[in-house]
Amino acid sequence: MSGVTVFGLCAAAAVGLGFYGLITNPQPLRKIIAFNLLGSGVFLLFGVVGRRGAVAGTGNDPVPQALVITGVVVAFSATALAIALLLRLFQTTGSTKLSNRTSPGDGSDPAGG
Amino acid sequence: MLPPAPALDATTTPSGFLLVLSIVVPVMGVLLAFVLGNRYVRSVACAVIPLGLAIAVTILVALSQSKSPLVYLLGAWPPPLGVALRADGLSAAMLAATAVVICAVAVYADADFSVTATEIRAPFTFWILLLAVWGALNTILVGGDLFTLYVALELLTFAAVPLVSLDGRPETLRAAIRYLLFALVGSVLYLLGTAILYGLYGTLDIVLLSHWIGAEPTSLVAAALMTTGLLAKTALFPLHLWLPPAHAGAPAAASAILSGLVVKGSFFVIVRLWFQVMPGLPGFGATQLLGALGAAAIVFGSVLALRQERLKLLIAYSTLAQIGYLFLMFPLAFDASGYLESGDALAGGLLQAVSHATAKAAMFMAAGSIYAGLGHDRITGLHGVARVLPLSVLAFAFAGIALMGVQPSGASLAKDLLLQAATKTGQWWWAVVLQTGGMLTTAYVVLVLAHALASSDKSIALTGPAPRLRDMAALVLALCSLLLGFVPWEPLLSVPYDSTSSFFGPGALAKLLLPVLGGVMLAILLSPWPDPLVSSARWKVATRVLDPFRRTCCAFGGLVQRGNGVLCQWPAASISLLMLALLFGALMLVAA
């Protein structure tokens with residue numbers, strides 16, 4: 001088993017674990033962390049893709065690295081935004097529960113606007 | 001070894017710099033507003049928005065003169081190494097629609113979000129986010145590279161999420177977090193697909209990929225992942241858990257942007273992906289699945305809209321239904337040779353997107369005026385509002401009529417094109433869905449209008465001032481949507497026949513009466529609230545006849561609502577996301 005395959009399998013495992021976490025964890029903070037794990041898996045896959053380009057003899061492909069750097073910045077901003085919203089929710093309500101007691105369809109929200 | 005790059009659009013076209021301007025100008029506005037601070041934010045927006053509108057119009061003119069797509073190569077590096085910006089007819093039409101909606105919303109929001117001594121933060125944030133949404137949308141519309149589209153989609157999400165929670169109430173914060181998290185799942189799926197495609201072909205440029213892509217299992221998996229991710233961001237049924245609370249909870253101007261424009265961003269990427277990157281790949285099954293999801297969205301969204309107590313939630317669920325309408329073009333564009341053809345169906349779908357963008361924004365703006373005037377937006381409490389807020393109700397009515405597909409609105413032209421495609425490809429079942437969708441749309445519009453036009457025995461006290469300018473903005477936007485049928489679409493989209501010739505005559509009358517009568521019927525049957533249409537004494541007999549039907553229909557509506565409650569749970573939605581990815585992958589593999 002070559003190094004590239006190992007990294008590829010790791011990427012798949014990270015993506016799978018991240019997805020599992022996103023689906024099953026009810027707490028938003030854990031969801032955010034799971035999203036980061038999922039993102040790391042995808043970035044690792046980009047690394048593998050760049051490395052495979054090198055194996056095929058086209059030199060070490062730099063484009064996936066550029067893509068990963070951009071992706072990391074995007075994921076970082078997403079995390080920051082999510083945490084900021086979560087903090088604000090905690091400050092206003094004292095809890096971070098996302099489960100709306102009423103289902104979103106029945107519209108019992110008295111102060112919309 | 002990959003084939004050599006085709007020599008397509010390897011150079012920048014003369015007016016290609018306009019594409020850069022369309023992105024740079026709103027972004028410059030955001031940066032300037034940050035530097036100058038909240039005292040000047042409104043002046044910056046006032047300067048940038050007309051400029052952006054002018055750029056969009058110039059692109060439209062340049063494109064209809066040159067007859068070929070505008071191209072700009074960033075740094076003069078041709079793809080696959082460089083990044084290209086391209087604008088074809090689809091992008092130009094959407095660019096213009098975006099600019100018009102942004103302008104109208106800016107005029108509308110001027111009253112709500114003027115920076116005063118007491119309230120600084122919300123107006124400042126709103127104007128910056130408005131420009132940011134515009135910049136991100138323009139990038140999506142002209143981006144010629146799948147990774148550029150990813151970054152632009154993320155920018156759009158980051159600009160749209162804070163718009164939801166602008167007023168900082170806990171419900172809107174929750175809605176914003178749900179929206180952000182679900183959109184992030186979608187974008188990660190899209191990025192995963194992009195990584196796989198890059199690994200296979202070594203490029204993400206749309207034109208190059210369309211030449212090189214083949215029906216290999218890996219590329220089909222990538223396509224399925226990307227499609228599902230984008231569907232989550234577009235909130236197509238059953239991935240809509242975030243949409244109603246987010247769109248209904250935001251301030252009216254923000255809802256107009258979110259419902260009218262933001263969901264169109266990811267929809268546009270799906271169109272690019274299916275029609276331009278891989279028109280030969282999806283196959284019959286996948287297009288039918290996409291259409292079926294659209295049909296389910298129409299039924300679910302419309303039935304739920306009819307059961308809402310509040311006007312803004314009704315409009316939010318109507319958005320859900322209209323998003324479904326947009327996806328009906330995919331099966332209809334699929335022709336006998338196994339390709340997605342960029343013909344009538346694509347033109348119809350895009351027209352539908354443009355007319356929904358304008359009409360829905362106008363509708364949210366009118367609803368916002370009504371809310372501001374009455375202090376509530378309970379539909380059953382709207383009686384007599386037409387007398388005190390005539391302009392708002394008129395704007396709502398025009399927007400509703402445009403959405404229903406009454407001639408000469410854009411929606412009616414779109415419906416004609418889609419029906420034509422349905423006849424041509426022999427898929428009559430989509431014609432049934434199209435007609436039913438029109439009736440359901442009419443149903444909820446008629447329901448609201450019936451309550452708003454009903455006379456009230458007690459006088460209504462307005463809680464707030466009703467600035468005329470605000471209502472005029474909504475009215476103009478609704479009229480835009482209503483008159484889209486008169487626009488010469490020919491240089492941009494392939495609208496094959498002279499659309500103005502069929503406005504009068506018995507055929508047009510039948511086309512008008514069928515959805516209206518069907519819609520009134522559905523409104524009476526499906527709405528659980530006491531209906532002003534049937535509650536008067538004259539209709540006693542009719543009521544007695546209708547009652548059993550009505551009870552059955554209400555039971556059906558209740559069932560739909562309970563189903564929606566289940567689907568809007570986070571685990572159910574994310575599992576259906578995975579199931580959809582699997583289904584799309586399997587269907588594409590079978591077709592390959």
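Tutor: Let's start with how helices are compared: an axis is a line fitted to C-alpha atoms, for helices over the stretch in contact, and angles between N-to-C directions run from 0 to 180 degrees. Helices are DSSP runs of H or I with at least four residues, strands are runs of E with at least two, and both are numbered from the N terminus. Residues are numbered from 1 along each chain as its sequence is written, chains are lettered from A and ligands numbered from 1 in the order in which they are written. This is a predicted model, in which local features need pLDDT of at least 70 and side-chain atom pairs count only at pLDDT 80 or more, while totals for chains, interfaces and linings use all residues.

Our part is the place where chain A touches chain B. Chain A has three helices and zero strands. Calling two residues in contact if their C-beta atoms, placed from the backbone, lie within 7 Å, we find 40 residues of chain A in contact with 46 residues of chain B. Helix H1 (3-24), helix H2 (28-55) and helix H3 (63-93) of chain A each supply at least two residues to that side of chain A, and H3(A) gives the most, with 15 residues.

What classes of residue make up the side of chain A that touches chain B? There are 22 nonpolar, 14 polar and four charged residues. Here Ala, Val, Leu, Ile, Met, Phe, Trp, Tyr, Cys and Pro count as nonpolar, Asp, Glu, Lys and Arg as charged, and the others, Gly among them, as polar.

Now zoom in on one helix pair across the two chains. The axis of H1(A) comes within 8 Å of the axis of helix H22 (residues 570-591) of chain B, and the two cross at roughly 145 degrees. On the H1(A) side, the contact uses Leu22(A), Ile23(A) and Thr24(A), which meet Pro571(B), Ser574(B) and Ile575(B) of H22(B). Sorted by class, that contact has four nonpolar, two polar and no charged residues.

For another pair, look inside chain B. Helix H3 (residues 89-112) and helix H4 (residues 121-142) of chain B pack at about 175 degrees, with their axes 10 Å apart. That angle makes H3(B) roughly antiparallel to H4(B) (under 35 degrees counts as roughly parallel, over 145 as roughly antiparallel, 65 to 115 as roughly perpendicular and the rest as oblique). Among the residues making this contact are Met94(B) and Leu95(B) of H3(B), and Phe126(B) and Trp134(B) of H4(B). The classes here are 11 nonpolar, three polar and no charged.

How far can you trust the picture? The model scores ipTM 0.88 and pTM 0.92. Chain B averages a pLDDT of 86, and 93% of its residues score at least 70; pLDDT is the predictor's confidence in each residue, from 0 to 100. Within chain B, confidence is lowest in helix H20 (residues 506-526), at a mean of 79, and highest in helix H5 (residues 146-164), at 94. Over residues 1-7 of chain B the pLDDT is below 50, and this stretch has seven contacts beyond near neighbours in sequence.
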